[in-house]
Amino acid sequence: MATQPSQPPSLRFGQVVIGPPGSGKTTYCRGMQEFLSHLGRKVVVVNMDPANEGLPYPCAVDISELVTLDDVMEGLKLGPNGGLLYCMEYLEANLDWLETKLEEHSDCYFLFDCPGQVELYTHQNSVKNIFAQLAKWNFRLTAVHLVDSHYCADPAKFISVLCTSLSTMLHVELPHVNVLSKMDLIEQYGKLAFNLDFYTDVMDLTYLLDHLAADPFFRKFLKLNEKLAGVIQDYGLVSFVPLNVQDRESMTQVLRTVDKANGYCFGNLEERNLQAMMSAAVGADFQFTSTLGVQERYVEDGEKTVEEEVMDL
């Protein structure tokens, strides 16, 4: 008797949270986990950082059960950077362990809290290969790349951040959302030269070059900066979503952008109508955002049901 072919695993959605050290990845994962839980999503956080100790959130899967940075540094006499690269290569070689851990959680939304070493996302292939394997396991992921917003106050650093973001987007090969984190602290680093839209939409960078040309130190690198700005604008891929983790509306904006990127808003976990999908396909204004906002609104005792609120729209 012929055996029935095994059914492919159902789609699982989530975010891989990446970015340089200190950009707020762990804080974001904690805040997003609490936010999604209030919205009714069943959330699983996966700690992919072997150097992450004292996690502030409940962690369902932790890479430290497989390998830790301290053990690698002590056993192989490596520094922190080399040790972290080894840990990611070790995880890549033991993906069966990760698969077993993830299979314990079904019908969940996943947050992968990743290491902060920039080379992992611009040059080295282990993390990229791990993400590719997750896709083969039917994960639909968005890379959420966090960048500290204080870089906006320094034109030279902002151009550097743009180059890093572009390189990461091209290397990781996932749907990508760049996020300016810690927006509530941006005013502490000085007044911005332009309004916030200039930085989030990455407008004409020649204005930044004019600011750099006014600095005697950067004036001698003007041609280099012009070439870098030209590469960024020629690709036209980099833009940012501002984020204040403590602000509900800001978290909602980031979540909607992520859900559009990985297809969660069209998936089988939440019903979406054909009109919403078609409006996204033709680049029209996303009508479903109002529905999404209502459907995932905090519900208190005595409030209307989702269906009633949608009808009110």
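A salt bridge here is a side-chain nitrogen of Lys or Arg within 4 Å of a carboxyl oxygen of Asp or Glu. The model is predicted. By this rule it holds five salt bridges. Asp259 and Arg41 form one of them, with their closest N and O atoms 2.6 Å apart. Asp259 sits in helix H12 (residues 248-262), and Arg41 in the loop between helix H1 (25-38) and strand S2 (43-47), so this pair ties together parts that are 218 residues apart in sequence. Asp259 is buried, at 0% relative accessibility. Arg41 is buried as well, with a relative accessible area of 7%.

Next, the sheet. Seven strands form an open sheet with parallel pairing, in the order S3-S2-S4-S1-S5-S6-S7. Strand S3 (61-62) and strand S7 (241-242) stand at the edges, and each has a single partner strand, so one side of each lacks a neighbour in the sheet. In a regular strand, side chains alternate between the two faces of the sheet.

S5 runs parallel to strand S1 (residues 12-18), and seven bridges join the two. Within this pairing, Gly14 has Leu141 of S5 as its bridge partner. S5 also pairs with strand S6 (residues 176-181), again in the parallel sense, over six bridges. There Leu146 is partnered by Val179 of S6. Val179 has a bridge partner in S7 too, namely Val241. S6 and S7 run parallel and are joined by two bridges.

Where does the salt bridge of Asp148 lead? Its partner is Lys182, and the closest N and O atoms are 3.3 Å apart. Asp148 belongs to strand S5, whereas Lys182 lies in the loop between S6 and H8, so the contact ties together parts 34 residues apart in sequence. Asp148 is buried, with a relative accessible area of 8%. Lys182 counts as partly exposed, at 27% relative accessibility. The backbone of Lys182 also deserves a look. Its phi is near 60°, a positive value in a residue other than glycine. Helix H8, at the other end of this loop, spans 196-200.

Another salt bridge joins Lys128 to Glu173, with the closest N and O atoms 3.6 Å apart. Lys128 lies in helix H6 (residues 126-136) and Glu173 in the loop between helix H7 (155-172) and S6, so the pair ties together parts that are 45 residues apart in sequence. Lys128 is partly exposed, with a relative accessible area of 22%. Glu173 is exposed, at 55%.

Now the surface around helix H2 (residues 69-76). Which residues form the negative surface patch? They are Glu53, Asp70, Asp71 and Glu74. Asp71 lies in H2. At 52% relative accessibility, Asp71 counts as exposed, because the cut-off is over 50%.

Glu65 is in the loop between S3 and H2. Glu65 counts as exposed, at 53% relative accessibility. Its C-alpha atom is separated by 10.0 Å from that of Trp97, a residue 32 positions away along the chain. Lys77 lies in the loop between H2 and helix H3 (80-93). Its phi is near 55°, a positive value in a residue other than glycine. Lys77 is exposed, at 69% relative accessibility.

Key:
Residues are numbered from 1 along each chain as its sequence is written. This is a predicted model: local features need pLDDT of at least 70, side-chain atom pairs count only at pLDDT 80 or more; totals for chains, interfaces and linings use all residues. Side-chain values use heavy atoms; hydrogens and water are left out. Patches are made of residues with over 30% relative accessible area and no salt bridge: like charges are joined within 9 Å, nonpolar side chains (Val, Leu, Ile, Met, Phe, Trp, Tyr) within 5 Å. Accessible areas come from the Shrake-Rupley method with a 1.4 Å probe; for residues, only the protein chains shown count as cover. Lys and Arg count as positive and Asp and Glu as negative; His and the chain ends are not counted. The place of a charge is taken as NZ of Lys, CZ of Arg, CG of Asp or CD of Glu. Helices (H or I, at least four residues) and strands (E, at least two) are DSSP runs, numbered from the N terminus. Buried means under 20% relative accessible area, exposed over 50%, partly exposed in between (1.4 Å probe, protein chains only). Two strands pair if DSSP finds at least two bridges between them.
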